[in-house]
Each structure stands twice: as structure tokens, then as C-alpha cells.
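This report describes selected strands, cores and contacts, going from one part of the chain to the next. It is meant to be read beside the sequence and the structure.

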Amino acid sequence: MFVVAGVTGHTGAVVADTLLAKGHKVRVIVRNAEKGAAWQKKGAEVAIADLGDAAAMTKALTGATAAYLLSPPNFAAKDFIADRRQLVGGLAKAVKDSGTRSFVFLSSVGAQHPAGTGPIVTVHNAEQALKTGAPSVTFLRAAYFLENWGSVIPVAKAQGVLPHFGAVDVKFSQVCTKDIGLAAVDALLKPADGVRVMELAGREDWSVQDVAAALSSLLGKPVQAVAAPVDGAKAGLMQAGVPETMATLYAEMYAGIGKGLVAWEKPGSVTRGTTALLDALRPLV
Ligand SMILES: NC(=O)c1ccc[n+]([C@@H]2O[C@H](COP(=O)([O-])OP(=O)(O)OC[C@H]3O[C@@H](n4cnc5c(N)ncnc54)[C@H](OP(=O)(O)O)[C@@H]3O)[C@@H](O)[C@H]2O)c1
């Protein structure tokens with residue numbers, strides 16, 4: 001029995017669907033029964049739990065061969081970092097109390113650093129809290145999600161520009177969430193001995209200009225990548241309606257990218273997904 005969290009989101013859905021298609025038993029974790037109904041129809045068991053609720057998560061994890069776990073953002077939290085620490089604390093207790101033998105946790109490029117990476121610090125903290133949780137632990141450190149572009153596609157459609165805080169001509173690692181889900185399934189089916197860190201990039205590295213060109217071809221109109229100064233990120237994000245706490249963290253992340261902190265720990269052993277840029281962006285437009 002594989003237990004999968006985050007199944008109404010990008011990566012968890014791929015993990016649960018792929019395991020079911022391979023004929024494995026799956027128990028999905030959702031926050032209410034309505035969200036579980038579609039999975040029940042697909043043949044999954046449904047457990048209702050909040051990831052931070054140690055008692056409910058212990059029940060949801062009991063009997064698992066392996067579990068797929070994550071620490072999804074709560075943008076409404078007053079203190080984003082403290083809120084994630086609390087969630088991961090509950091999760092770590094549940095993993096131990098349930099006797100889970102193997103799990104894969106979705107982490108991020110740059111998670112090796114304890115500070116200077118904005119929201120990525122939350123998955124650094126999660127790795128620290130979870131690393132002794134089970135005999136087999138995999139931290140799947142994924143690159144920047146290509147799906148993140150979904151939030152600025154309305155701007156590209158309306159104004160023909162793709163804004164980005166930082167250089168637009170530098171290629172960097174970006175990955176399709178489908179590739180992350182598939183890598184997680186591989187890791188669940190081939191558990192680690194002890195703690196394993198898997199770093200996952202996309203099929204190629206792409207610049208913001210590459211993304212703009214791909215969007216241009218998908219939308220059938222010109223889209224130009226526009227570089228905004230990193231030191232204006234906090235003000236720019238707040239102007240766009242992002243709460244100050246999150247804007248501060250994202251500004252720190254953009255600065256961290258510039259300082260080389262949001263980078264692979266072991267560049268020589270990074271694995272790559274297979275999804276092409278156009279295929280990843282097509283469902284977003
Ligand atoms: N964006 C990036 O570039 C990037 C890069 C590397 C790593 N990451 C990591 O990716 C993660 C997000 O993964 P994703 O895109 O697959 O997820 P997602 O699409 O953001 O969806 C989040 C999922 O988690 C569930 N969820 C949220 N809070 C929960 C809670 N308290 N208890 C139980 N379930 C909860 C949601 O369920 P509901 O339907 O109930 O809301 C949903 O299924 C983040 O943790 C982030 O650290 C992101």
C-alpha cells in the first residue's frame with residue numbers, strides 16, 4: 001500500500017495515478033471527503049487528514065509500504081516559515097509513530113542551505129526534521145516548476161510581456177511537475193538505504209527568453225521576456241497584491257538565485273526529466 005499526499009495538486013496527482021496504473025494499492029490523503037470521491041472512483045482508499053495533524057496522519061500512514069509527502073505552502077500564514085515548521089513537526093511525529101519504513105519527500109533545489117533562499121528554507125527545515133524519520137528516506141529536490149509560469153500567463157496574453165525578477169537570457173533549471181511525479185514513483189518503488197538526496201532538473205535548462213518564445217508560439221502572438229531589477233522584487237510583488245511576508249521571502253529567493261544559493265548541491269549527479277518545454281506549457285495557456 002502506497003500512501004500519497006497532495007493528490008489534488010500537481011505532483012501528488014501524478015504519483016497516485018501512476019501507481020494505480022501500475023496496479024499498486026494506493027491510499028490518498030485529502031483534507032475532506034469531497035476531494036477524495038474522485039480517487040475512490042479510481043480505486044484508491046481515502047484517508048482524511050491535514051499534513052500537520054500528527055494523530056490523523058499517523059492513522060493515514062499506518063500500514064504503508066512507502067509514502068509520498070510534501071509541505072505545501074500556506075500563503076495565508078502570518079509567519080510562513082514558522083507555520084511550515086509546525087506542519088513538518090506534526091508530519092515527522094506521524095512518520096515515526098506510524099512506523100513508516102520508507103518515504104519520499106518533495107524538496108527543492110537549494111534546500112541544502114539553512115538561510116538566504118526565502119521560502120526554500122522551509123524545505124531545508126523539513127529535511128532536518130524528517131531525515132531520521134524512517135529507515136529509508138528520499139528527499140526529491142526539484143528545480144523551479146515550469147507550472148509557476150501559469151501565474152504570469154494572463155499578463156503574457158494581455159500585454160505580450162513575460163516579466164521576471166532577474167536576468168532573462170540566462171538558462172536555468174526548470175522542470176515539469178509531471179516529471180517530478182514520475183521521479184517520485186521511481187524512488188518509491190526503489191527505496192533508498194538510509195537518506196538519499198535526488199536532485200531533479202528538467203529535460204534541458206531554459207532561459208526566460210526561451211519560455212517567452214515557447215509561449216509566443218502557443219499563443220500565436222509575440223511575447224517578450226522583460227527583466228525587472230531584483231532589488232525591486234519586494235515592492236513589485238506587493239504592488240501585485242502579494243502579502244508583505246511572502247514578498248519579503250520571494251525577494252530573498254531572487255537575491256539568493258543571484259548569489260548562487262538556489263543551485264544544485266551535487267551538479268554532477270542531477271537527473272533530468274523528459275517533458276519538452278512546449279508540452280509543459282501547453283496545458284497552462
Ligand atoms: N514551485 C516551485 O518552483 C517548487 C520548486 C521545488 C519544490 N516545490 C515544492 O512543491 C510543493 C508543492 O507541490 P505541488 O505543486 O505538487 O502541490 P500543489 O499543486 O501546490 O498542491 C498542494 C497539495 O497539497 C494539499 N495540501 C495543502 N495543504 C495541505 C495540508 N495542510 N494538509 C494536507 N494536504 C494539504 C493540497 O490539497 P487541497 O486540495 O486540500 O488544497 C494539494 O493537493 C511545495 O511544498 C514546495 O515546497 C515547489
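## Strand pairing, cores and ligand contacts

In strand β10, L200 is the bridge partner of A142. The model is a predicted one. Strand β6 (residues 136-142) and strand β10 (residues 194-201) pair in the parallel sense, over seven bridges. Strand β5 (residues 102-108) is also joined to β6 by seven bridges, and these two strands run parallel. In that pairing, F103 stands opposite V137 of β6.

Strand β6 is mostly covered, with seven of its seven residues buried. S136, T138, L140 and A142 point one way from the strand, V137, F139 and R141 point the other way, and all are buried.

**Nonpolar cores**

The largest nonpolar core has 68 residues. The residues with the most contacts inside this core are M57, L69, F103, F105 and L130. Leaving aside neighbours within four places in sequence, L130 is in contact with V88, L91, A92, V95, F103, F105, V137 and F139. A second, separate core has 19 residues, including L146, W149, V168 and L281.

**Strand β2 and its neighbours**

Strand β2 (residues 26-30) is mostly covered: five of its five residues are buried. V26, V28 and V30 lie on one side and R27 and I29 on the other, and both faces are covered. Strand β1 (residues 2-5) runs parallel to β2 and is joined to it by four bridges. V4 stands opposite V28 in this pairing. Strand β3 (residues 45-48) is likewise parallel to β2, with four bridges joining the two. Here V30 has I48 of β3 as its bridge partner.

Helix α1 (residues 10-21) makes a right-handed β-α-β unit with β1 and β2. Helix α2 (residues 33-41) makes a right-handed β-α-β unit with β2 and β3. N32 caps the N-terminal end of α2, with a side-chain oxygen 3.2 Å from the backbone nitrogen of E34. Just after α2, G43 takes a positive phi of about 105°.

G43 is also one of the residues in contact with L20, along with V26, W39, K42 and A44, when neighbours within four places in sequence are left aside. L20 lies in helix α1. L20 has a relative accessible area of 18%, so it counts as buried, the cut-off being under 20%. L20 and F2 are 18 residues apart in sequence, and their C-alpha atoms are 9.6 Å apart in space.

**R27**

The side chain of R27 reaches the backbone oxygen of A60 at 2.7 Å and the backbone oxygen of T62 at 2.9 Å. Not counting residues up to four places away in sequence, R27 touches M1, F2, V3, V4, E45, A47, K59, A60, L61 and T62.

**Ligand surroundings**

The ligand is surrounded by 25 residues, and the closest are T8, T11, R31, S71 and N148.

| Residue atom | Ligand atom | Distance |
|---|---|---|
| D50, polar side-chain atom | nitrogen | 3.2 Å |
| L51, polar backbone atom | nitrogen | 2.8 Å |
| F145, backbone N or O atom | oxygen | 2.9 Å |

**The β7-β9-β11 sheet**

Three strands form an open sheet in the order β7-β9-β11, and the pairing is mixed. β7 (144-145) and β11 (205-206) stand at the edges with a single partner strand each, so one side of each is left without a neighbour in the sheet. Strand β9 (residues 172-175) and β11 run antiparallel and are joined by two bridges. In β11, D205 is the bridge partner of S173.

Notes. Residues numbered from 1 in each chain as written. Predicted model: local features only at pLDDT ≥ 70, side-chain atom pairs only at ≥ 80, totals over all residues. Heavy atoms only, no water. Buried < 20%, exposed > 50% of the residue type's maximum accessible area, 1.4 Å probe, protein only. Pairing = 2+ DSSP bridges. Right-handed = clockwise from strand over helix to strand, strands pointing away. Core = buried A, V, L, I, M, F, W, Y, C linked by side-chain atoms within 4.5 Å. Contact = heavy atoms within 4.5 Å. Near = heavy atom within 4 Å. Polar contact = N/O pair within 3.5 Å; in protein donor to acceptor, adjacent residues only side chain to side chain.
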